[in-house]
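Please look at the sequence and the 3D model shown here. The explanation after it goes from the overall layout to single residues.

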Amino acid sequence: MAFIKIVNEYEAEGELKSVYDEIIKGRGKLSNIMKIHSLNPDTMVKHMALYKTLMFSKSGLSRELKETIAIVVSKTNNCDYCVNHHAEALLFYWKDSEKIKLFIEDFKKYGTKRYKPVEYPVSDFIDNQFTISLVSHFLFLYEDHINYDLHKKIILELLRITSKEIRIFPIVNLKGEKSSLVDTLMHDKDFERNQISVKKVDYEFMKNGNEMMAITH
Ligand SMILES: C[S@@+](CC[C@H](N)C(=O)[O-])C[C@H]1O[C@@H](n2cnc3c(N)ncnc32)[C@H](O)[C@@H]1O
């Protein structure tokens, strides 16, 4: 527990808010260790730069080894928070590198027989080719760049090629606010025959990004 005042994400304004938003955009979350600098955003920016340089820049030590050293040092310092923080980072690194390895092996083996590049709203998949379609970090997120008309065309195309359900995650825009297109879609007469629901999920890769939309026929 820190003895100095901390400004939380939801009460941050001005420069602090921009720095928080930038960190959440890049890292997916805001660690307590960063929030400790909330009275001095400039220190926070420099702390983040030091952390990124140490952990992610090219060096003789792998990222994995760096996180492992950080865990050992944290344990020696009796800092449980730091142990958890670096253990979580190490776990993500392992999971990610395992997934990346799996994907590379699979892509080498099956190439475009399994992975089809498509630029929506047009695809050459047949009607109901898939049972479920998943859309991740694309629709709603870029509402400032992709207008409602294009969202609609893409969803209609996905409905054509999907027999059961389309899932769109998250439903926030880049600022972490619920996209205004969510309500537009839910009130669009062209979708009145579809069931559209919003469900909470137990993961949050970016600020407020913990809800998904399910659309069924
Ligand atoms: C932020 S990335 C998300 C990648 C991945 N789905 C994820 O969640 O990590 C957005 C993706 O949308 C793809 N994209 C952009 N416009 C597209 C379109 N019209 N049709 C299909 N994919 C598109 C981009 O190529 C990019 O890979």
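What follows covers overall layout, sheet, cores and a few backbone features.

The model is predicted: local features need pLDDT of at least 70, side-chain atom pairs count only at pLDDT 80 or more, and totals for chains, interfaces and linings use all residues. Residue numbers start from 1 along each chain as its sequence is written.

The protein has 7 helices and 4 strands; helices (H or I, at least four residues) and strands (E, at least two) are DSSP runs, numbered from the N terminus. From that end, the order of elements is α-α-α-α-α-β-α-β-α-β-β. The protein is more spread out than a compact globule, because its radius of gyration is 21 Å, well over the 17 Å that the globule rule gives for 217 residues. The radius is taken over C-alpha atoms, and the rule is 2.2 Å times the number of residues to the power 0.38. The C-alpha trace spans about 60 × 45 × 25 Å along its principal axes.

Of the 217 residues, 15% are buried. A residue is buried if 20 or more other C-beta atoms lie within 10 Å of its own, exposed if 12 or fewer, and partly exposed in between, with C-beta atoms placed from the backbone. Two residues are in contact if their C-beta atoms, placed from the backbone, lie within 7 Å. Among contacts with a separation of 6 or more, 62% are between residues 24 or more positions apart.

The strands form an open sheet of 4 strands in the order 1-2-4-3, with mixed pairing. Strand 1 (130–136) and strand 3 (195–200) each have a single partner strand and stand at the edges, so one side of each is left without a neighbour in the sheet. From one strand to the next, the twist averages 20°. Two strands count as paired if DSSP finds at least two bridges between them. Strand 1 and strand 2 are parallel and share 6 bridges. Serine 133 has isoleucine 166 in strand 2 as its bridge partner, and serine 136 stands opposite phenylalanine 169 in strand 2. On the pairing of strand 2 with strand 4, the sense is antiparallel, over 4 bridges; here isoleucine 166 stands opposite isoleucine 215 in strand 4.

Strand 1, helix 6 and strand 2 make a right-handed β-α-β unit. A crossover is right-handed if, with the strands pointing away from the viewer, the path from the first strand over the helix to the second runs clockwise. Helix 6 lies across strand 1, strand 2 and strand 4, at about 140° to strand 2. Axes are lines fitted to C-alpha atoms, for helices over the stretch in contact, and angles run from 0 to 180 degrees between N-to-C directions.

Which residues touch the most other members of the largest nonpolar core? They are Phe140, Ile168 and Ile171, in a core of 15 residues. Helix 6 (148–161), strand 2 (162–169), helix 7 (180–186) and strand 4 (211–216) each supply at least two residues of this core. Another core, of 5 residues, lies apart from it and includes Val19, Ile23, Met34 and Met44. A nonpolar core is a set of buried Ala, Val, Leu, Ile, Met, Phe, Trp, Tyr and Cys residues joined through C-beta atoms within 7 Å.

Leucine 139 sits in the loop between strand 1 and helix 6. Leucine 139 counts as buried because 25 other C-beta atoms lie within 10 Å. Beyond its neighbours within four places in sequence, leucine 139 is in contact with His151, Ile154 and Ile168. Glutamate 9, in the segment before helix 1 (14–27), is partly exposed, with 18 other C-beta atoms within 10 Å.

Some backbone features remain. Most residues other than glycine have a negative phi, and most peptide bonds are trans. A cis peptide bond joins tyrosine 120 and proline 121, with omega about 25°; proline 121 lies in the loop between helix 5 (80–114) and strand 1. Phenylalanine 169 and proline 170 are also joined by a cis peptide bond, with omega about -15°. Asparagine 78 is not a glycine but has a positive phi of about 60°; asparagine 78 is exposed, with 8 other C-beta atoms within 10 Å. Asparagine 208, in the loop between strand 3 and strand 4, has a positive phi of about 65°.
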